[in-house]
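This briefing is meant for someone meeting the structure for the first time. Please look over the sequence and the model before reading on.

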Amino acid sequence: MINTVFLIGGILALISIILGVILIKATSKTSYTGYIPAALFFAAGLICLLIATLTKIEVMGAGLGGWGIACLFAGAIGFVITSTFDAFGQEA
């Protein structure tokens, strides 16, 4: 089960990073729109963890707790890489 959570987290992190970079390139330099995908994954992770404490649901070999952890991982990594990309894109 831990391998499934790592795989899901990696895929979601990649999606978050790609969407964040595309949104940063497409919007103005003063906009925070590029951080929305990472924030949504983070919020979805918190919701999944909350629901996992109340029920026992499994989706694709991982319970909702695993999905929540994977979404939190994807949101955190997405925030870090997107903000780094945004910082290097700003003019000094």
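Predicted model: local features only at pLDDT ≥ 70, side-chain atom pairs only at ≥ 80, totals over all residues.

Residues are numbered from 1 along each chain as its sequence is written, and side-chain values use heavy atoms, with hydrogens and water left out.

**The chain as a whole**

- The chain has 3 helices and 2 strands, where helices (H or I, at least four residues) and strands (E, at least two) are DSSP runs numbered from the N terminus.
- Read along the sequence, these elements follow the pattern α-α-β-β-α, and the C-alpha trace spans about 50 × 25 × 15 Å along its principal axes.
- Of the 92 residues in the chain, 33% are buried, a term for under 20% relative accessible area, with exposed meaning over 50% and partly exposed in between (1.4 Å probe, protein chains only).
- Among the contacts in the chain with a separation of 6 or more, 70% come from residues 24 or more positions apart, contact meaning heavy atoms within 4.5 Å.

**Helices H1 and H3**

- The axes of helix H1 (residues 2-26) and helix H3 (residues 64-89) come within 8 Å and cross at roughly 35°; axes are lines fitted to C-alpha atoms, for helices over the stretch in contact, and angles run from 0 to 180 degrees between N-to-C directions.
- The crossing of H1 with H3 is right-handed, which is to say that the near helix is turned clockwise from the far one by less than a right angle, anticlockwise being left-handed.
- The contact of H1 with H3 involves 16 nonpolar, 7 polar and 2 charged residues; Ala, Val, Leu, Ile, Met, Phe, Trp, Tyr, Cys and Pro count as nonpolar, Asp, Glu, Lys and Arg as charged, and the others, Gly among them, as polar.

**The largest pocket**

- The largest pocket holds about 170 Å³ of space, the volume being the space filled by probe spheres set on grid points that are joined across faces, edges and corners.
- On a 1 Å grid over the protein atoms alone, with a 1.4 Å probe, a pocket is an open set of points with protein on both sides within 12 Å along at least five of seven lines, and lining residues have an atom within 4 Å of a point.
- The lining of the largest pocket has 13 residues, with Ile-24, Lys-25, Lys-29, Asp-86 and Gly-89 nearest the centre, and it divides into 4 nonpolar, 6 polar and 3 charged.
- H3 gives the largest share of this lining, 3 residues.

- Ser-16, found in helix H1, is buried at a relative accessible area of 1%, and, leaving out residues up to four places away in sequence, Ser-16 touches Pro-37, Ala-38, Phe-41, Ala-74, Gly-78 and Thr-82.
- Trp-67, in helix H3, counts as buried at 18% relative accessibility, and beyond four places in sequence its contacts are Ile-8, Leu-12, Cys-48, Val-59, Met-60 and Ala-62.
- Phe-85, also in helix H3, is partly exposed at 32% relative accessible area; apart from neighbours within four places in sequence, Phe-85 is in contact with Val-21, Ile-24 and Lys-25.
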